[in-house]
Amino acid sequence: MKNFKIKTPFKPAGDQKIAIKSLLKGFESGNKFQTLLGVTGSGKTFTVAKVIEKLNIPTLVISHNKTLAAQLYQELKDFFPDNRVEYFISYYDYYIPEAYIPASKTYIAKETLVNKEIDRMRLSATRSVYERKDVIVVASVSCIYGIGDPENYFSLKMSIKRNKIITRKRMLNFLSELRYERADGTILEPSQFRIRGEIIDIFPPYHDFPIRVEIINDIVEEIYEIDSLTGFTLKRIDNFNLYPTNYFITPEDRLKLAIDKIKEELKKRVEHLTSAGKTEEAQRLQDRTLYDIELLEEMGYCPGIENYSRHLSLRKEGEAPYTLMDYFPDDYLVIIDESHMTIPQLNAMYAGDHSRKKTLVNYGFRLPSALDNRPLRFKEIEERLNKVIFVSATPSEYEINKSQGRIIEQIIRPTGLTDPEVVVRKTDNFMQDMIKEINKTIKHGERILITTLTKRMAEKLSSYLYEKGIKSKYLHSDLNAIERIKIISELRKGVFDVLVGINLLREGLDLPEVSLIIILDADKEGYLRSSTALIQTFGRAARNINGRVILYADKITKSMKKAIDETNRRRVIQTEYNKKNNITPQTIKKAIKNYFSLTPSPALKIAEEKTAYGSDEEIEELIKLLSKEMKTLAENLEFEKAAKIRDKIKDLKDIFLSL
């Protein structure tokens, strides 16, 4: 078994060493839940990585949003280059769930746009968990949604080995059962295969490269990884495991049982609706379900197959669906990042999903068994936890109670940076005072975050600052992840100096250029001005040596006092550590790294502008350039841009073949 091995020049510093030792000791003593109370900039990810290395068991990291998940994924990949670090988030770029609105009698069909690269990474994650022990999966809360029975999925595995006896016909039949499709074009896409004489090229959707299998006289002579564009062999391999192209493909014997159960449920439900006088709903349900059954019998698959997952996995009514957590072995570690945010999000998933599906069931759009295609209830999540580390600078009562006193503090930053100085100022003439502080900060080449309580106030303030000659932008909830990252990047680069919003990045991305946080209406008690929210917001200025926070308020609330006292406590601990170890704090220097593409691809720009091609060599060279850039973008999770380049490569290949 391959062991986890961190490769980094960093050594545990500050109180990281004590935190690592305490966490390991806690698990050795039989503690199931522990909390790492780590302040911003203290190196929590490094501490967690060291614990993973020492425990040496599969690990699931759960983050409450995709942007933070992407950051954690990249950081852990850097720490563990020789181990498997995987990424598991929702694979929809665009998603409208199936729904029915009784008031207007409006049925909304499910609409999705699947990101094939993320789908590949999800399948890769479950494959790695099954095949290896040195695996870390970084996931969003989508990891608690049903994805099919792991027993079904892995029972359909086919092991291809050199010198193994297998007929060409059997191989093709097996590919069909796993829902691989025969490629029509020259480029092999994921979940496709092509045949060239005795050679079968297969592109498993969970693998980086297609596989070439050479079968001669019913014996597997050679297996290679090949380039998906050129078809050139990359390396020779001895064996490879083929898995289904999605999680809901079911063995034939189970499928027959499932169809019988669907028919039985349909009969009972139609009788119930009819007896209740709901003849329209009964007819609708019968028509829709019989159509799905026909597809299942003929194709083994149907759109919305996940709604029949209870029958496909032979589960009982109300029984929890299989999720990513069920693919892990019994002994595994769960890291819940920013737990004060992630836990409530996990807790809220079931209710919203159930309400929507209940309406579909009541009006004859789905069978009642569709209700069991759902996220896990929170109690079910807890039942699947083994060893857990809650990670947060502000753990909630839930984490504290679950940990039963196992709260390991990581207050000291190896950089020597202290928590920002916090001051409270009256609201009289606050606008003039605020502009003065903003201009002072800008002169030092540093940035400012301002938080308000309402969207209207944020918009008006941003416009007002702009009129006063201060480059500012407003960050609002309508922006998607890519647009948010673009704005954050522009702030760091100095394209503008002030970012205004309601809930500005309380957790996550590092902004070392930000030295001033301004919080308006700080004395208005509530979610956005709770002690947890305030401490998290203060932390955005903890990456800069000049970090400071100004609270505009006319009174000191309990939340303000608690947040200020805790921040001052942490400042004292860090200051004493700096004096004792003769450390001079310095602002963090961190490269501005984009997790999503922000600028046009140079190679793509050339390809799009070029309307005539002088030679085969010119096209070949451009294809090579684009292919290299596409792979780099995909590795950096810049899927949208990678997809555009992929489409352009297809166009160029067509031109190349026509010359």
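The face of helix α15 turned away from its buried side carries the exposed residues Arg456 and Glu467. Exposed here means over 50% relative accessible area, buried means under 20%, and partly exposed is in between, with a 1.4 Å probe and protein chains only. Helices (H or I, at least four residues) and strands (E, at least two) are DSSP runs, numbered from the N terminus. This is a predicted model, in which local features need pLDDT of at least 70 and side-chain atom pairs count only at pLDDT 80 or more, while totals for chains, interfaces and linings use all residues. Residues are numbered from 1 along each chain as its sequence is written, and side-chain values use heavy atoms, with hydrogens and water left out.

On the buried side of α15 are Ala458, Leu461, Ser462 and Leu465. Seen down the helix axis, the buried residues of α15 fall within an arc of 100 degrees, so they line one face; the arc is that of the directions from the axis to the C-beta atoms. An α-helix has 3.6 residues a turn, so residues three or four places apart point the same way. The buried residues of α15 pack against α14 (430-443), β21 (447-451), β22 (472-475) and β23 (498-501). Contact means heavy atoms within 4.5 Å.

After α15 comes Gly469, whose phi is positive, near 85 degrees.

Another helix, α13 (residues 397-403), contains Ser403. With 1% relative accessibility, Ser403 counts as buried. Leaving aside residues up to four places away in sequence, Ser403 touches Phe33, Gln34, Thr35 and Phe390. Ser403 and Thr35 are 368 residues apart along the chain, yet their C-alpha atoms are separated by 6.2 Å.

The chain as a whole has 21 helices and 25 strands. Of its 659 residues, 54% count as buried. Among contacts with a separation of 6 or more, 75% are between residues 24 or more positions apart.

Confidence is given by pLDDT, the predictor's confidence in each residue, from 0 to 100. The chain averages 87, and 89% of the residues score at least 70. Confidence is lowest in helix α19 (residues 602-609), at a mean of 42, and highest in strand β2 (residues 59-62), at 97.
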